[in-house]
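Work through the exercises below with the sequence and the 3D structure at hand. Try each task before reading its solution.

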Amino acid sequence: HTMVWTDWDVFDHELERVCEIYSMWGCTERPISEGNPLWDKSCIPGGGAQAGLARGYRYGFISASDSHSGFPGRQHPDLYGFCFSYKSGLAAIRAPELNAKSLIDSLKSRNCYATTGARIYMEFAVDGARMGSEITGGEPRHITGRVVGTDAITRIDIVRDNADWLTLTPGDDDVTIDATDDSPLGTGSFYYLRVTQADGEMAWASPVWVDPA
């Protein structure tokens, strides 16, 4: 496949605050060869979400329908003359108030997460700093969170610097995360969550970046 969906040579840190990690077109997180269970939307190496993070870019994660139909979270089953293999995704925003300004401010601060369409609830923090934050840290770092699924949660990956640092296999639909990382920090290290349910639904928490003191 020769199509490229993302050119990471062009990126604006101020304007591009979030990245669409999933839509009805598939998942952009990483290539199929690196464990992506969904279609490799990035198509060729270098185009996925992890590739941009590896360059040092800092953005949160959202999902969308991306159907252009005007119905968030829903796509027409035969919108362009063929059926899509994937459901529409949803963007979840953690905002203090339900109004336009609060929602936009939370998106700008990357306090958001992505799902494959299921209404999964997620909290995630590093040393008390919520998802999307940039902090200065030392050793150890305390990683906390909570995930309430719409089905049994079969796997939670704590991803550090694009590698699966810790994997949990709870089997429950309400899971509390409490982990400690005492390994040395790299320059611009980051953590995020990847959640997988028994029904195949997934979610991704926006990263927290931890710069060495």
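This is a predicted model: local features need pLDDT of at least 70, side-chain atom pairs count only at pLDDT 80 or more; totals for chains, interfaces and linings use all residues.

Residues are numbered from 1 along each chain as its sequence is written, and side-chain values use heavy atoms, with hydrogens and water left out.

**Exercise 1.** Give the strand order of the four-stranded open sheet and find its edges.

Solution. Strands are DSSP runs of E with at least two residues, and helices are runs of H or I with at least four, numbered from the N terminus. Two strands pair if DSSP finds at least two bridges between them.
- Step 1: the order is β7-β6-β9-β12, with antiparallel pairing.
- Step 2: β7 (129-130) and β12 (174-181) are the edge strands, since each pairs on one side only.
- Step 3: β6 (residues 121-126) is joined to β9 (residues 141-148) by six bridges. V126 has I143 in β9 as its bridge partner.

**Exercise 2.** Describe the three-stranded open sheet.

Solution. 
- Step 1: the order is β2-β1-β3 and the pairing is mixed.
- Step 2: the edges are β2 (26-27) and β3 (60-63).
- Step 3: β1 (residues 18-23) and β2 pair in the antiparallel sense over two bridges. The partner of S23 in β2 is G26.

**Exercise 3.** Examine the two ends of helix α2 (residues 100-108).

Solution. 
- Step 1: at the start, a side-chain oxygen of N99 comes to within 3.3 Å of the backbone nitrogen of K101.
- Step 2: just after α2, R110 has a positive phi of about 65°.

Conventions:
A polar contact is a pair of N or O atoms within 3.5 Å; within protein, one must be able to donate a hydrogen and the other to accept it, and residues adjacent in sequence count only if both atoms are side-chain atoms.
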